Amino acid sequence: MNRFCWTLIAGFFLSFSASAQDIEDNLTKYALEYAQERVHIHFDKAAYTPGDTIWYKVYTMEGPFPADASKTFYLDWTDEKGKLISRNVSPLYEGTTNGQFVVPDNFTGQYVHARGYTRWMLNFDSSFLYNKDIRVLQKTTAKGAPVQDTYTLNFFPEGGDIIKGLVNKVAFKAHDQFGNPIVVKGNLLNQQGKVIDSVRSIHDGMGLIFVTPQAGESFKVKWKDPKGKEHETALPAVKTHGIGLQVSVVRDRRYFQVNVGRDNQFDPGILHVVGTLGGSQVFLISKDSRTSEVKGVIPSNQLPSGILTITVFDDQWRPMAERITMINNPETIFKPEVEVKHWGLNKRARNDIEIAIPDSLVSNLSVSITDASIAGDSTDNIISRLLLTGDLKGNVYKPGYYFSNDSDSTARHLDLVMLTHGWRKIKWEELVKGVMPKIQFPRDTSYLTLSGRVYGASSAELRETGEILLVVKQKDQEGGIVVVPVKPDGTFNDGQTLLYDSATIYHQFQGKNKLAGATVRYLENKLPPLPSTVAATGRYSTLGADTTGFARQAQISAEEAAFLKQFEGKTLEAVVVKARTKTPIQEMDERYTSGLFSGGDGYQFDLVNDPLAAAQMNIFTYLQGKVAGLQVQGAVSSTPTLTWRGGTPQLYLNEIATDVEMVSSVSVADVAYIKVFRPPFMGGFNGGNGAIAIYTRRGGDTKSEPGKGLSSSVITGYSEIRQFYSPNYSTFKPEHEKKDMRTTLYWNPLILTSPGRSRLQFSFYNNDITEAFRIVIEGMTRDGRLTRYEEILY
């Protein structure tokens, strides 16, 4: 939820009507209940080759803070035809998550497309989902048919309309069919063909024109494209009346003025000016345009960074003009300090890096270190994405530039972006009537956890049973055991266990009543429907044509593939020896017992291969109910009493006589094998009442497959999150014989700092070829500050 709502009153004379109060109430409701999330993804590098792993870190924000309401993030990977390759589902914690995607070995496209979102984001305009085309370098590039270049020039009147009799500022933007800007030169002509002014782009194909039209006047621009071909493009039609809105950017102030173009049919009185930022109201001013000027000064240094929208309404609360302006305050950005503690550019040399964050901040960072000779991408970053492009429709060329410095020229260029990009997350016509967005996809406010329901048992039986024991076996993990309460209606939920990949769940009921006839049905974690897929065409790529970097990376990849193929050819085939197998109990008895303790008549328990053993408090609670006639009083105490066939059995620990106090202190997890001998036992004194021999684990013992022999189900959870492999060359290992040609030398998506722990040091080893490093750090703090740090170390 949004945790902010600002009221700016300095410099304004406020005059509220009942309708104005309704607008305020509706805006407050909208901000609190329908705030939209923005997404940025930090990738370890700019381009990949087939078979590469793409490592990434996700950052989400809502308003000026990390988005903490949604708990699950979805990332869809598609090819150049829009076909889904894979879907990653990851848990969000304090607005962040991380993961990886492996580019298929047989992938032949030039780009792979990543589309990221939360379930909540699907309720709103799909233009604001995260989209990025990631370059995939191929050994050979198929030459397609020649592309006919096309160029487009669009005009954007400030406020929305060109109005007769007013000085109108009209922005323009020129680009090619791929969205890349082009330089425009030409002339502004009226309907008689008279040259009114010259036209020239100012920055990245964008520029400004000023016109003061009279009745019946129209305008067009005659311009030439980069190939010298001449074009004519008409400006939007001039309106005979309307409302104009002008905004001037002067350092830490935003000056706005509302102008009215009147005629016999249009003479508005009260005008309402509303400022919103992140969906929350910043200010509201109502003035009579017939008796006073409608203008104001906004102290932008008192606002959080983001896009401020200024909307003008008439007296019936109909939106008449709108303008956006960027608030870019330095307080939003924090800068880490990076120090090289140990320098090593030689082959496989160690490097120690220390990162220092201001001690007052709680930060969540990701760090990538790559070979500086491969392509890099500084065109887009966490700051430009979460403050700018995440709230804009359409493509912004190299958005990272607008946050590279705080000069006046950069601010003017950024204002051109504001003038030439559509933005309207709020549908004013509906909001004025109190109509809120329709929610089809509720937020994922809880994680994908383990829950289900027991069928075939009465409420009384369920109350008597009380709990269900679940053994959770996830891929590449040891099985975990959890005991979950069962409600009288049969439902149960363990909110602490996060499921990854395809998890196998084994269950057993606790208590005297084992509910032999009952069945368990686990609730499936339902994923949202797949949004319309996007083809990986390069449209959503901010990466320029770094042919040198691409060629170097492709060369390294080809050399590495050739070496690995040669290395694999020298690997000896594994030798498989088949032998007659023994039962686990037979192996246990031969491994642990000796003399009179071997063989014999009694009970045998293999705790290494018993998935439920670890859930017991001690040896005696484990044996209860497993040995006929064995009575254990005070099993959970440190000195229980044992009775078997009228006497007390002798206890042995690793075949040495002991007592109940010693046995009670032994953890069940440390026990491998228990053997209970029926009387008489001839292996020691006092064997007339039988004996219990306990054996602790030895080296080489392996645990069983958890849940073996129990009822089970398979449940789909989160996508597997792997750890980045970074070799340690301080000690030799056989795999170090392979040539090291990694282009990503270090990746860590989980660098966390807090007061008192603001300096963190990490180490990595160079590969066999890199001569300079590129280090990139991105992250955000708990209070919504952002950072982007990039440096070449050589």
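A residue counts as buried when its relative accessible area is under 20%. By that criterion, strand β41 (residues 691–696) is mostly covered, with five of its six residues buried. Strand β3 (residues 53–62) is likewise described as mostly covered, and ten of its ten residues are buried. The model is predicted.

**Strand β3 and its partners**

- Thr53, Trp55, Lys57, Tyr59 and Met61 point one way from β3, while Ile54, Tyr56, Val58, Thr60 and Glu62 point the other way; all are buried.
- Strand β1 (residues 37–43) runs antiparallel to β3 and is joined to β3 by seven bridges. Within this pairing, Ile41 lies opposite Val58 of β3.
- Strand β7 (residues 96–102) is also antiparallel to β3, and seven bridges connect the two. Here Tyr59 has Thr96 in β7 as its bridge partner.
- Strand β4 (residues 65–66) pairs with β3 in the antiparallel sense through two bridges.
- A hairpin is formed by β3 and β4, with two residues between them; in the turn, Gly63 has a positive phi of about 65 degrees.

**Strand β41 and its partners**

- Strand β38 (residues 650–653) pairs with β41 in the parallel sense, over four bridges. Leu651 stands opposite Ile692 in β41.
- Strand β40 (residues 671–677) pairs with β41 in the antiparallel sense, over six bridges. The bridge partner of Val671 in β41 is Thr696.

- An open sheet consists of three strands in the order β10-β12-β15, with antiparallel pairing. Its edge strands, β10 (151–157) and β15 (206–211), each pair on one side only.
- From one strand to the next, the twist averages 25 degrees.
- Strand β12 (residues 168–176) is joined to β15 by six bridges, and the two run antiparallel. Phe172 is found opposite Gly207 in β15.
- Helix α3 (residues 408–420) packs on the sheet and touches β10, β12 and β15; the direction of α3 makes about 70 degrees with that of β15.

**A nonpolar surface patch**

- Val250, Tyr255 and Val297 form a nonpolar patch on the surface, and together they have about 230 Å² of accessible area.
- Val297 belongs to strand β23 (residues 294–299). This residue is classed as partly exposed because its relative accessible area is 32%, and partly exposed covers the range between under 20% for buried and over 50% for exposed.

Definitions and conventions: Residues numbered from 1 in each chain as written. Predicted model: local features only at pLDDT ≥ 70, side-chain atom pairs only at ≥ 80, totals over all residues. Heavy atoms only, no water. Pairing = 2+ DSSP bridges. Axes fitted to C-alpha atoms, helices over the stretch in contact; angles between N-to-C directions. Contact = heavy atoms within 4.5 Å. Patch = residues over 30% accessible without salt bridge, like charges linked within 9 Å, V, L, I, M, F, W, Y side chains within 5 Å. Areas by Shrake-Rupley, 256 points an atom, 1.4 Å probe, with all protein chains shown as cover. Salt bridge = Lys/Arg side-chain N within 4 Å of Asp/Glu carboxyl O. Buried < 20%, exposed > 50% of the residue type's maximum accessible area, 1.4 Å probe, protein only.
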